[in-house]
Amino acid sequence: HWGHSFGHLSDENYANDARIYMDYNATTPMDPEVVEAVTVAMREAWGNPSSSYLPAVKARDIINQARESISRMVGGKPEDIIFTSGGTEANNLVLHTAVTHFWQSRVAAGREELNSTHHNDTAALPHLIISNVEHDSIRLPTQHLQQEGRAEVTCVAVSKATGRVEAEDVVAAIRPNTCLVSIMMANNETGVVMPIKEICQRVRAVNKQRPQPRILLHSDAAQAIGKIRVDARDMGVDYLTVVGHKFYGPRAGALYVNGPGVASPLHPMLFGGGQERNFRPGTENTAMIAGLGKAAELVNTHLSEYESHLWDIRGYLEERLLAVFGADKIRFNSRFPGSDRLPNTCNVSILGSGLVGRRVLATCRRVLASVGAACHSGQVDRPSCVLLSCGIPEDAARNALRLSVGRSTSRQDVDAVVEDLKETVDVLERMN
Ligand SMILES: Cc1ncc(COP(=O)(O)O)c(C=O)c1O
Ligand SMILES: O=C(O)CC[SeH]
């Protein structure tokens with residue numbers, strides 16, 4: 001299987017390309033058609049898209065086509081798409097926009113002079129609402145803004161019964177100075193899908209009843225795109241984050257903005273040569289944008305096929321885990337009655353002392369997976385905060401494995417992974 005072979009890496013851990021990749025929520029390989037699109041753009045569309053000669057025209061055409069494919073993938077219009085370097089930049093751009101929007105709303109309301117100095121009046125700070133299970137590219141910038149005294153932040157806790165952020169809890173957190181609600185569309189560790197449409201409906205109703213500032217609505221759709229249907233307009237978000245390397249695209253991203261600078265504010269973090277209508281200047285990364293557009297095109301064409309394959313393979317994985325380990329030995333951490341979840345994510349704990357997730361994965365001969373977010377892989381001594389926030393018992397959270405399947409994962413791969421896990425658990429339990 002092309003998608004998860006690591007045979008080309010020299011490290012002895014990867015020399016044996018019988019390794020089986022089960023960490024598609026961390027990142028995905030580029031689809032061969034995406035690699036081709038990137039290569040062709042590098043070779044034939046190297047011109048500066050702002051120039052007038054042929055290579056530039058070709059570059060502009062590629063960028064415009066990519067913009068159209070991405071807009072179709074997320075249910076928007078081409079002019080709603082702003083290219084970024086990735087999801088982290090897109091998320092930070094939303095937070096920067098919301099803070100700026102807050103201050104501009106206050107000036108517009110005549111409640112503050114433009115050069116006001118009492119920005120540190122806590123009653124007048126922008127208030128941001130996020131969930132307590134957001135990715136670090138939302139969690140840490142909001143934490144930074146709070147520590148710098150530039151914003152107030154409420155982290156709404158997910159329900160321990162549903163694993164979701166509930167709309168009523170978001171609405172209950174709204175204050176007069178709230179200017180942004182940002183809730184991820186699906187969690188990268190549990191795969192639980194959040195009720196974004198309901199949250200947006202409830203917050204929009206609050207917006208209708210109150211003066212400025214309008215509460216802006218954002219969802220980080222990094223983990224949802226390419227796995228389930230994502231329709232920004234139907235959900236009612238003002239902003240939606242797109243992350244290429246989660247849906248077999250390149251390490252590039254985009255921000256969907258419902259009418260940037262018109263229906264929805266968008267304030268640049270960077271200033272420069274005017275690209276992206278001055279919302280995100282810098283000479284366009286044509287090759288990466290070409291790849292992002294091709295990845296979006298593939299989703300537009302094949303999403304239902306992808307989704308049904310992921311459901312089938314993840315279902316088979318959980319069926320085999322149950323058959324091999326038995327109900328008393330494992331705990332499925334992604335299953336919350338009544339909550340939707342991504343079709344590819346299986347967060348599972350193999351119960352028992354000495355079966356800490358990191359130790360199990362380090363002992364496995366073939367499985368390449370994770371115990372949680374890749375950007376938390378350095379946290380060797382404690383269970384995932386996300387799982388604990390979802391009410392997963394600490395002993396189970398400590399033993400959690402995040403298995404996320406992909407488009408090329410086969411039932412044969414699943415059999416091999418479950419066998420590897422069983423052999424590993426037997427070895428570790430004999431050692432105890
Ligand atoms: C939910 C989520 N949001 C944002 C990001 C950040 O995207 P990027 O790695 O492109 O900065 C990731 C993955 O890395 C993610 O899983
Ligand atoms: O691994 C993940 O969940 C995404 C990158 Se931090």
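## Largest pocket

Four elements each supply at least two residues to the lining of the largest pocket: helix H10 (357-363), strand S11 (367-368), helix H11 (385-389) and helix H12 (394-398). H10 gives the most, with four residues. The structure is a predicted model.

The largest pocket holds about 680 Å³ of space. It is lined by 38 residues, and those closest to its centre are Arg358, Ser370, Val371, Gly372 and Ser377. One of these, Arg358, falls within the residue range of H10. By class, the lining of this pocket divides into 21 nonpolar, eight polar and nine charged residues.

## Second largest pocket

The second largest pocket has a volume of about 330 Å³. Its lining comprises 16 residues. Met185, Val193, Met194, Ile228 and Asp340 lie nearest its centre. Helix H7 (196-209) and helix H8 (232-235) each contribute at least two residues to this lining.

The class make-up of the second largest pocket is nine nonpolar and seven charged residues. For the largest pocket, the polar count is eight.

## Ligand 1

Ligand 1 is surrounded by 13 residues. The closest are Gly87, Thr88, Asp220, Gln223 and Lys246. Helix H4 (residues 87-108) gives the most to this shell, with three residues. The shell around ligand 1 has three nonpolar, eight polar and two charged residues.

A polar backbone atom of Gly87 is 2.9 Å from an oxygen atom of ligand 1. In the side chain of Asp220, an N or O atom is 2.6 Å from a nitrogen atom of the ligand. A polar side-chain atom of Lys246 lies 3.3 Å from an oxygen atom of ligand 1. Taken alone, ligand 1 exposes 380 Å², of which the protein buries 85%.

## Ligand 2

Which residues are around ligand 2? They are Asn25, Ala26, His135, Asn188, Lys246, Ala373, Ala374, Cys375 and Arg402. By class, the shell around ligand 2 has four nonpolar, three polar and two charged residues.

Oxygen atoms of ligand 2 take part in the following contacts. An N or O atom in the side chain of Asn188 is 2.9 Å from an oxygen atom of ligand 2. A backbone N or O atom of Ala374 lies 2.7 Å from a ligand oxygen. In the side chain of Arg402, an N or O atom is 2.7 Å from an oxygen atom of ligand 2. On its own, ligand 2 has 240 Å² of accessible area, and the protein covers 92% of that.

## Cavities

The count comes to three cavities of 30 Å³ or more. The largest cavity has a volume of about 80 Å³. Its lining is Tyr24, Thr28, Gly226, Lys227, Lys246, Phe247, Tyr248, Leu310, Asn344, Val405, Gly406 and Arg407. These divide into five nonpolar, four polar and three charged residues.

Val133, Glu134, His135, Asp136, Asn188, Glu189, Ala373, Cys375, His376 and Val386 line it. By class, that is four nonpolar, three polar and three charged residues.

## Salt bridges

Side chains of opposite charge can pair when their charged atoms come close. Across the whole structure, 24 salt bridges are found. One of them joins Lys294 and Glu33, with the closest N and O atoms 3.9 Å apart. This pair links distant parts of the chain, 261 residues apart. Lys294 sits in helix H9 (residues 286-325), and Glu33 in helix H2 (residues 32-44).

How values were computed
Residues numbered from 1 in each chain as written. Chains lettered and ligands numbered in written order. Predicted model: local features only at pLDDT ≥ 70, side-chain atom pairs only at ≥ 80, totals over all residues. Heavy atoms only, no water. Near = heavy atom within 4 Å. Polar contact = N/O pair within 3.5 Å; in protein donor to acceptor, adjacent residues only side chain to side chain. Areas by Shrake-Rupley, 256 points an atom, 1.4 Å probe, with all protein chains shown as cover. Nonpolar A, V, L, I, M, F, W, Y, C, P; charged D, E, K, R; others polar. 1 Å grid on protein atoms, 1.4 Å probe; cavity = no way out; pocket = protein on both sides within 12 Å on 5 of 7 lines; lining within 4 Å. Points joined across faces, edges and corners; volume = space filled by probe spheres on them. Salt bridge = Lys/Arg side-chain N within 4 Å of Asp/Glu carboxyl O.
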